[in-house]
Amino acid sequence: MSQIEVKNVSKSYGKKKVLDSVSFNVDKGEILLIEGRSGIGKTTLLNIMAGIDHPDEGTVIIEGEDIFKMSEDKRAKFRLEKIGIIFQQMNLIEDLNVMENIALPLKLAGKKWKERVDELLKYMKIENLKYEMPTSLSGGEMQRCAIARAIANEPEILIADEPTSNLDDENTKNISELFTRINKEMGTTIIIATHDPRINHIASEIINLAREEKNEG
Ligand SMILES: Nc1ncnc2c1ncn2[C@@H]1O[C@H](COP(=O)(O)OP(=O)(O)OP(=O)(O)O)[C@@H](O)[C@H]1O
Ligand SMILES: [Mg+2]
């Protein structure tokens, strides 16, 4: 059984059909890239896979459980425990410093956080930024902080939306290496939406949403 099954997922906004019966499976430990031009529906698909957004039709099954058959509360808990998310707009909380941002999911899960945050800061090589506010970080540093927060609860699945789109080559290389390391060392399944060919080499599988597009001619 695959870890994640996306089954005939369709989603429209008004008259515009963004996802048209999209189906694929993801096995545990894969690094899957979801590619396709801007506006094709990558973020929409990731949000549905994380159970943040609902499909109009179809469903998503994670480790045998249909996430859209769960109650809202159960789905939120499931997400907190199993899935780490790095949003396209990184969503670091501006009023919280780096340490507090990373501690957030640990606190929400009712876990001890101090040592774990230090461990994560070290892993991401941002120990020196512990007390900095997000607005004072560079793009690459913000991305590290967002990744640290996303993996805080040791999720089995890590979802990242355009994690390198605003980064220079060096930071892109660093972030790519981090994903590979997390995947290898923790066995985390990683799903990345991107149109950045600089990270193609880390993928074990690539899905191009454009190929799913209906020929409208
Ligand atoms: N809440 C919404 N209401 C209406 N339309 C939406 C909404 N969210 C997304 N869309 C539309 O759905 C389409 C797909 O959006 P989505 O954000 O999934 O694309 P994307 O592939 O992630 O693009 P990008 O590469 O620019 O991030 C776009 O045309 C967008 O305008
Ligand atoms: Mg997007």
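Helix α1 (residues 42–49) contributes the most to the shell around ligand 1, giving three residues; helices here are DSSP runs of H or I with at least four residues, strands are runs of E with at least two, and both are numbered from the N terminus. The model is predicted, and for that reason local features need pLDDT of at least 70 and side-chain atom pairs count only at pLDDT 80 or more, whereas totals for chains, interfaces and linings use all residues. Residues are numbered from 1 along each chain as its sequence is written, while chains are lettered from A and ligands numbered from 1 in the order in which they are written.

## The ligand shell

The shell of ligand 1 holds 13 residues, of which the closest are Tyr-13, Ser-38, Lys-42, Thr-43 and Thr-44; a residue counts as near the ligand if its C-beta atom, placed from the backbone, lies within 6 Å of it. Sorted by class, the shell consists of eight polar, three nonpolar and two charged residues, where Ala, Val, Leu, Ile, Met, Phe, Trp, Tyr, Cys and Pro count as nonpolar, Asp, Glu, Lys and Arg as charged, and the others, Gly among them, as polar.

## The parallel sheet

Five strands, in the order β6-β7-β8-β3-β9, make up an open sheet with parallel pairing; two strands pair if DSSP finds at least two bridges between them. Because β6 and β9 (205–208) stand at the edges with a single partner strand each, one side of each has no neighbour in the sheet. On average, neighbouring strands of this sheet are turned by 15° against each other, direction ignored. Helix α1 packs on this sheet, where it touches β3 (31–35), β7 and β8, and its direction makes about 150° with that of β8; contact requires C-beta atoms, placed from the backbone, within 7 Å of each other, and the angles, from 0 to 180 degrees, are taken between N-to-C directions of axes that are lines fitted to C-alpha atoms, for helices over the stretch in contact. Within the sheet, β7 is joined to the parallel strand β8 (residues 189–193) by five bridges, and Ala-160 stands opposite Ile-192 in β8.

Helix α5 lies across β6 and β7 and runs at about 165° to β6. With 13 residues (139–151), α5 reaches 18 Å from its first C-alpha to its last, close to the 18 Å expected at 1.5 Å a residue, the expected span being 1.5 Å times one less than the number of residues. Ten of the 13 residues of α5 are buried, so that the helix is mostly covered; a residue is buried if 20 or more other C-beta atoms lie within 10 Å of its own, exposed if 12 or fewer, and partly exposed in between, with C-beta atoms placed from the backbone. Among the buried residues of α5 are Met-142, Arg-144, Cys-145 and Arg-149. The cover over the buried residues of α5 includes β6 (83–86), α3 (98–108), α4 (114–123), β7 (157–161) and α6 (169–186).

## The antiparallel sheet

A further open sheet has four strands in the order β2-β1-β4-β5, with antiparallel pairing. Here β2 (16–26) and β5 stand at the edges, and since each has a single partner strand, one side of each is left without a neighbour in the sheet. Helix α1 packs on this sheet as well, touching β1, β2 and β4, with its direction at about 125° to that of β1.

Strand β1 (residues 4–13) runs antiparallel to β4 (residues 57–62), and five bridges join the two. The following residue pairs lie in this sheet.

| Residue | Opposite residue |
|---|---|
| Lys-7 | Thr-59 in β4 |
| Ile-62 | Glu-65 in β5 |

Strands β4 and β5 (residues 65–66) pair in the antiparallel sense over two bridges.

## Individual residues

In the hairpin of β4 and β5, which has two residues between the strands, Glu-63 takes a positive phi near 45°; Glu-63 counts as partly exposed, with 15 C-beta neighbours inside 10 Å. Glu-162, in the loop between β7 and α6, has a phi near 50°, again a positive value in a residue other than glycine, but Glu-162 counts as buried, with 20 C-beta neighbours inside 10 Å.

Lys-17 belongs to strand β2 and is partly exposed, with 15 other C-beta atoms within 10 Å. Leaving out residues up to four places away in sequence, Lys-17 touches Ser-10 and Ser-12. The C-alpha atoms of Lys-17 and Gly-41 are separated by 9.4 Å, although these residues are 24 residues apart along the chain.

Terms used:
Contact = placed C-beta atoms within 7 Å.
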